[in-house]
2 protein chains.
Amino acid sequence: MEKLKPSTANSPPLTPLGFLDRAATVYGDCNSVIYNNTTYTWSQTHRRCLQLASSLVSVGIRRGHVVSVVAPNVPAMYELHFAVPFAGAILNCINTRLDARTISVILRHGESKLVFVDCASRALVLEALFLLPQNSQRPVLVLIADDTIEPLSSSLTVDFLDTYEGMVEKGDPGFRWIRPNTEWDPMTLNFTSGTTSSPKGVVHSHRGTFTITVDSLVDWAVPKQPIYLWTLPMFHANGWSYPWGIAAVGGTNVCVRRFDAEVVFGLIERHGVTHMCGAPVVLNMLTNSPKNKLLRNPVYLLTAGAPPPAAVLLRTEALGFVVGHGYGLTETGGIMVSCAWKPQWNRLPATEKARLKARQGVRTIGMAEMDVVDSESGLSVRRDGSTLGEVVLRGGCVMLGYLKDPEATSKCFRNGWFYTGDVGVMHPDGYLEIKDRSKDVIISGGENLSSVEVESILYTHLAINEAAVVARPDDYWGETPCAFVSLKNGLEKKPTEKEIIEYCRRNMPHYMVPKTVVFREELPKTSTGKIQKFVLRNIAKDMGPMQNNQSRL
Amino acid sequence: MEKLKPSTANSPPLTPLGFLDRAATVYGDCNSVIYNNTTYTWSQTHRRCLQLASSLVSVGIRRGHVVSVVAPNVPAMYELHFAVPFAGAILNCINTRLDARTISVILRHGESKLVFVDCASRALVLEALFLLPQNSQRPVLVLIADDTIEPLSSSLTVDFLDTYEGMVEKGDPGFRWIRPNTEWDPMTLNFTSGTTSSPKGVVHSHRGTFTITVDSLVDWAVPKQPIYLWTLPMFHANGWSYPWGIAAVGGTNVCVRRFDAEVVFGLIERHGVTHMCGAPVVLNMLTNSPKNKLLRNPVYLLTAGAPPPAAVLLRTEALGFVVGHGYGLTETGGIMVSCAWKPQWNRLPATEKARLKARQGVRTIGMAEMDVVDSESGLSVRRDGSTLGEVVLRGGCVMLGYLKDPEATSKCFRNGWFYTGDVGVMHPDGYLEIKDRSKDVIISGGENLSSVEVESILYTHLAINEAAVVARPDDYWGETPCAFVSLKNGLEKKPTEKEIIEYCRRNMPHYMVPKTVVFREELPKTSTGKIQKFVLRNIAKDMGPMQNNQSRL
């Protein structure tokens with residue numbers, strides 16, 4: 001028995017790239033990508049990706065090179081998820097909403113050799129290149145033109161090697177794509193954005209990407225040939241792996257340049273959309289839109305990134321969306337903890353159902369282990385739904401590590417676990433609930449309190465549109481909760497700070513009640529729609545310590 | 001980038017065993033296994049498997065030991081798919097319909113340490129042990145009692161260490177299951193049976209089993225919580241991986257001791273069965289049963305093992321079964337080529353649809369590559385739907401190799417491929433169609449002809465129940481096709497040999513027409529329901545060379 005070893009026939013590298021070859025065979029005549037009035041079939045998408053990959057090789061892209069793209073969810077963005085790794089290169093999707101300085105840092109850190117630039121991001125990327133140090137190598141630029149935005153003109157293509165379509169046309173459809181040498185070869189590079197200020201480059205292997213892709217299909221029970229609407233940016237952790245997953249099941253990718261609730265409702269109706277993903281802010285935008293409407297057929301909507309407030313969940317499901325909730329990180333390439341629904345929960349009252357669905361849930365089948373541990377001792381916390389601990393993971397879709405950052409890599413890989421930096425509790429039934437990013441825990445009088453819990457109660461206030469709670473320094477308690485809120489439009493009477501605090505007192509333990517409420521027109525957000533707590537935290541810090549004359553109850 | 005290497009957190013061994021832990025968390029209160037009047041929940045199944053694994057360790061089973069089971073689809077058989085590898089051991093399921101001599105060969109070859117024996121197979125296994133050579137080590141026996149067959153008595157348990165339930169009861173529910181050291185550790189051992197006479201021990205790793213399991217869920221688009229009826233024996237290539245797959249999706253396993261069409265229709269109705277698998281002979285039995293009935297709800301029926309004749313397919317679908325067709329081998333642990341259906345095919349006439357569905361299809365997403373090659377040169381055959389070649393595979397679910405048989409292992413692993421020994425053609429649209437086992441090709445006058453093709457036409461004859469075509473030696477042509485047929489019951493007038501030959505002449509090229517037709521009450525079958533062509537081939541050989549006075553057209 002010991003003599004049986006893996007061989008070429010049974011251990012070819014796991015990779016999702018072959019899904020496209022297969023889609024071209026099985027679903028060659030079926031729609032692959034739809035964008036405005038452009039429609040491609042799977043055999044066209046397959047051919048276009050091979051052509052583009054061959055052109056990348058022609059212009060000097062080699063195995064292991066990083067190729068970047070700054071674009072929204074247009075067809076080119078979809079194709080690059082296959083075309084770039086087809087050329088043996090590493091795909092680096094860059095958030096279009098970053099500033100030029102951050103983009104220049106990313107391009108330099110990743111040593112990007114070529115950047116595909118959406119026409120709407122032209123000025124941004126040119127500025128980013130301008131900000132690169134004099135002695136650093138400049139990547140070649142390729143323009144993704146889009147005549148629905150701006151007709152192609154020669155003035156537009158200055159600074160660019162070619163256009164995206166030019167490269168597709170010049171390519172060889174008979175190109176044989178470059179297979180990885182091992183399944184651990186890097187395939188994608190994504191920079192974490194958002195709540196921390198220094199972006200880190202997350203590297204995923206072919207094997208990791210294969211695992212999260214297949215896992216995400218099984219966990220969401222995606223049927224064959226779904227109609228998938230791209231409301232989640234593909235530059236956001238590669239659209240949680242669904243660019244590859246939709247090829248695996250021969251679905252249709254409905255592309256859309258930017259999120260707009262009215263447009264989304266129109267596309268759902270026009271194309272018979274069955275599936276879509278998005279951060280909770282997407283649920284908010286859909287339900288708050290004056291153009292929202294009851295869906296004719298259920299649409300499966302998967303959300304992650306932050307616990308959706310119960311009130312928002314209820315409103316979204318009332319429209320006919322079937323909301324799934326999960327948890328993932330850029331470091332896991334997609335959702336690998338999800339709130340698997342139990343049939344008996346359907347009999348519970350709506351608010352109780354929403355409370356259960358707001359929990360992040362259980363590991364998917366591709367994730368070997370998940371636990372909540374004491375960050376110091378590394379021991380599991382009690383399964384009591386209240387003891388806070390750090391979420392740790394072990395499984396095939398955990399990243400290879402951070403690019404050129406051994407310190408950050410070794411800091412999160414400890415004791416055989418990946419430490420997420422997220423704080424949660426384990427419920428008695430084995431379901432995880434995230435309480436906060438570690439830095440979002442407020443320590444008031446030695447008591448750890450979760451800002452997310454306070455926020456979820458603020459969201460139940462009828463006048464509040466958005467809420468974020470951070471720590472404000474306090475001479476006596478160390479920290480106290482400080483709430484930043486934006487109010488809904490068109491209110492007859494706006495609530496005062498005192499009224500909000502009264503409302504909290506009636507609805508939560510007194511030690512959790514915000515001592516300060518700051519009203520804002522809008523809360524500062526990351527480009528992926530997450531509220532930038534670190535900005536608010538700085539504002540709260542600048543407010544200075546609070547004068548305490550209240551006793552705590 | 002080169003410095004990023006796999007670590008414990010991102011490369012734990014791929015294995016399907018954790019699916020049961022997860023099912024106990026997510027679906028703890030839901031039905032896992034139903035058998036007659038016994039019903040278990042997923043938390044019970046989980047606990048029982050841990051207890052049994054702990055008992056196995058208590059009686060001396062160690063990592064890498066082989067543990068056998070001779071049982072039909074009873075709950076114990078299901079549980080052993082987790083419990084045996086939970087103990088670190090290798091699961092060896094043995095076909096209950098084998099003879100004692102073959103079982104003794106298997107037990108000796110696998111060096112089995114312990115055998116779980118279904119009460120109905122007690123005499124068979126005791127005889128097999130009696131046939132073991134004097135000097136060889138005898139495995140310990142454990143009895144799987146079943147009071148629906150025979151009430152448990154002390155006379156029954158003579159020769160047995162314990163009963164299955166006794167071991168479950170003695171076990172520790174807090175046992176921590178033994179994880180594989182690497183994902184390449186062997187997990188199952190299955191002996192190929194059937195058309196060849198010398199069984200070979202197929203060894204699959206944890207990784208291979210994980211891959212085929214997840215792959216089989218995606219390819220059949222199995223939803224969450226299906227009701228799965230066990231019409232396919234689990235000893236048949238581990239039920240094509242579905243014992244692990246049904247745990248992954250939290251379904252219900254409806255167990256049944258033996259196939260009986262009336263019982264099956266009853267269980268479908270009683271439990272609301274949604275999914276089942278079986279060899280084409282199962283389709284035959286369902287449709288030919290006088291107790292067959294129109295289904296109230298569609299039942300997904302996956303078939304493989306031989307191309308289902310078009311007529312049988314049509315009859316089965318008319319009852320309300322949604323038939324899927326695939327292709328797999330014991331060496332791939334399940335189905336890894338399947339006839340992915342295209343929506344546009346729904347518009348075709350019924351017979352054309354059946355013809356398309358009889359093709360084996362395209363590789364699943366977990367199989368990296370599949371091809372049809374010339375066995376000599378190793379080059380791909382033309383995609384013309386007619387050039388015969390050998391089917392070769394490369395992918396994560398191909399076995400590790402044959403147990404203690406380096407010659408057979410190296411014979412099938414060549415040029416980086418696994419050579420299946422099956423002969424097929426590649427259609428222009430990239431779909432594979434199996435024409436025959438290599439030894440089933442009849443070479444008549446230098447022309448290769450497929451016995452399966454002749455058979456499929458014989459099946460369209462209204463009087464024919466089953467048909468098998470083999471080569472008969474021929475002085476002039478080398479070989480000629482010889483048909484063995486059994487007729488349907490209750491025919492008013494039985495056709496003659498001449499009439500059958502006439503029928504063939506009207507419906508196939510003349511060189512393919514059988515020169516001999518032999519009528520049989522029943523055709524000889526393997527225990528898994530495959531017609532034993534080697535038996536028929538020997539009969540045809542014994543008939544001696546045919547006297548040829550016909551000229552060939």
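Leaving aside neighbours within four places in sequence, Thr287(B) is in contact with Asn292(B), Arg315(B), Thr316(B) and Leu319(B); contact means heavy atoms within 4.5 Å. The model is predicted: local features need pLDDT of at least 70, side-chain atom pairs count only at pLDDT 80 or more, and totals for chains, interfaces and linings use all residues. Residues are numbered from 1 along each chain as its sequence is written, chains are lettered from A and ligands numbered from 1 in the order in which they are written, and side-chain values use heavy atoms, with hydrogens and water left out.

Thr287(B) belongs to helix H11 (residues 280–288) of chain B. Helices (H or I, at least four residues) and strands (E, at least two) are DSSP runs, numbered from the N terminus. Relative accessibility is 10%, so Thr287(B) counts as buried. Buried means under 20% relative accessible area, exposed over 50%, and partly exposed in between (1.4 Å probe, protein chains only). A polar atom of the Thr287(B) side chain lies 2.9 Å from the backbone oxygen of Leu283(B).

In chain A, Val392(A) sits in strand E18 (residues 389–394). Val392(A) has 0% relative accessibility and therefore counts as buried. Residues up to four places away in sequence not counted, Val392(A) touches Glu369(A), Met370(A), Asp371(A), Val373(A), Trp417(A), Phe418(A) and Tyr419(A). Cys412(A) is 20 residues from Val392(A) in sequence; the C-alpha to C-alpha distance is 9.3 Å.

Helices H2 (residues 42–58) and H3 (residues 75–86) of chain A pack at about 45 degrees, with axes 8 Å apart. Axes are lines fitted to C-alpha atoms, for helices over the stretch in contact, and angles run from 0 to 180 degrees between N-to-C directions. H2(A) is therefore oblique to H3(A). Angles under 35 degrees count as roughly parallel, over 145 as roughly antiparallel, 65 to 115 as roughly perpendicular and the rest as oblique. On the H2(A) side, the contact includes Trp42(A), Arg48(A) and Leu56(A); on the H3(A) side, Tyr78(A), Glu79(A) and Phe86(A) are among the residues involved.

Helix H7 (residues 206–219) of chain A packs on helix H7 (residues 206–219) of chain B at about 45 degrees, with axes 9 Å apart. H7(A) and H7(B) are therefore oblique to each other. Arg207(A), Val214(A), Leu217(A) and Val218(A) of H7(A) meet Arg207(B), Val214(B), Leu217(B) and Val218(B) of H7(B).

Methods
Polar contact = N/O pair within 3.5 Å; in protein donor to acceptor, adjacent residues only side chain to side chain.
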